[in-house]
Amino acid sequence: MTKSKEKIVWHFILLMVLFSCSSCERQQPNVRQTLENDYLRNSNETDVKVVRFAHIGKIESKGKSYYVIDLRTVLKGMPAPRGNNQILLYDNNLTKVASFQYDSMPLWCKGSRVYLFGVDTQEGMFGNVWDFSKGVNEGERRLIELPAYGSYKSEQTLGSRL
């Protein structure tokens, strides 16, 4: 094969690779936008306004993947914003499977865990990490305390460094 033909073949291969990659990106849904539209369409709450609907990441639990959403709503017409903070979990079919309130905002996900900005004290538990390794339903999720960069560290976790 001559150098010019070889060059044309390589250009063709490169164009095919670039075209296939860009078409894959277009086919993947915008998860956050899809879930937010679905939430707003199916919400029967007319006295609240959604002020944050953020896709934090994905977690794994019992061999399944779940999208983690941070939802913040406030009551309409209030002089001082009062509302509700929730973490919503959606399966790969974009069906909501769990929701629960929180005090500390979720920051990131890793494995089966959702790391929080500060300490949370929900359901009689204390910690800075929601662990979903045993499941995503009530009674299966655990709130634990782990040292993590950017997340809350109590005096007990820091130990003698204080």
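Residues are numbered from 1 along each chain as its sequence is written, and side-chain values use heavy atoms, with hydrogens and water left out. Because the model is predicted, local features need a pLDDT of at least 70 and side-chain atom pairs count only at pLDDT 80 or more, whereas totals for chains, interfaces and linings use all residues.

The mean pLDDT of the protein (the predictor's confidence in each residue, from 0 to 100) is 80, and 74% of the residues score at least 70. Among the secondary-structure elements (DSSP runs numbered from the N terminus, with helices being H or I of at least four residues and strands E of at least two), confidence is highest in strand β5 (residues 106-110), at a mean of 95, and lowest in helix α3 (residues 155-158), at 51. The pLDDT falls below 50 over residues 21-28, a stretch that has zero contacts (heavy atoms within 4.5 Å) beyond near neighbours in sequence. Over residues 157-162 the pLDDT is likewise below 50, and there the model has four contacts beyond near neighbours in sequence.

An open sheet is formed by four strands in the order β1-β2-β3-β4, with antiparallel pairing, where two strands are taken to pair if DSSP finds at least two bridges between them. From one strand to the next the twist averages 20 degrees, with axes being lines fitted to C-alpha atoms, for helices over the stretch in contact, and angles running from 0 to 180 degrees between N-to-C directions. Eight bridges connect β2 and β3 in the antiparallel sense, and D70 has I87 in β3 as its bridge partner. Helix α2 (residues 31-42) lies across β1, β2 and β3 and runs at about 130 degrees to β1.

The loop between β2 (64-75) and β3 (83-90) contains G77. This residue is exposed, at 77% relative accessibility, on a scale where buried means under 20% relative accessible area, exposed over 50% and partly exposed in between (1.4 Å probe, protein chains only). The C-alpha atoms of G77 and V48 are 9.0 Å apart in space, although 29 residues separate the two in sequence.

Side chains of opposite charge can pair when their charged atoms come close. Six salt bridges are counted, each being a side-chain nitrogen of Lys or Arg within 4 Å of a carboxyl oxygen of Asp or Glu. In helix α2, E36 and R32 are four residues apart, or about one helical turn, and form a salt bridge in which the closest N and O atoms are 2.3 Å apart; E36 is buried at 16%, while R32 is partly exposed at 27%.

A second pair, D70 and R52, has its closest N and O atoms 2.8 Å apart and links distant parts of the chain, since D70 lies in strand β2 and R52 in strand β1, 18 residues apart. Here D70 is buried at 1% relative accessibility, whereas R52 is partly exposed at 28%. In the salt bridge between R113 and D131 the closest N and O atoms are 3.5 Å apart. The pair ties together parts that are 18 residues apart in sequence, because R113 lies in strand β6 (residues 113-120) and D131 in strand β7 (residues 127-131).
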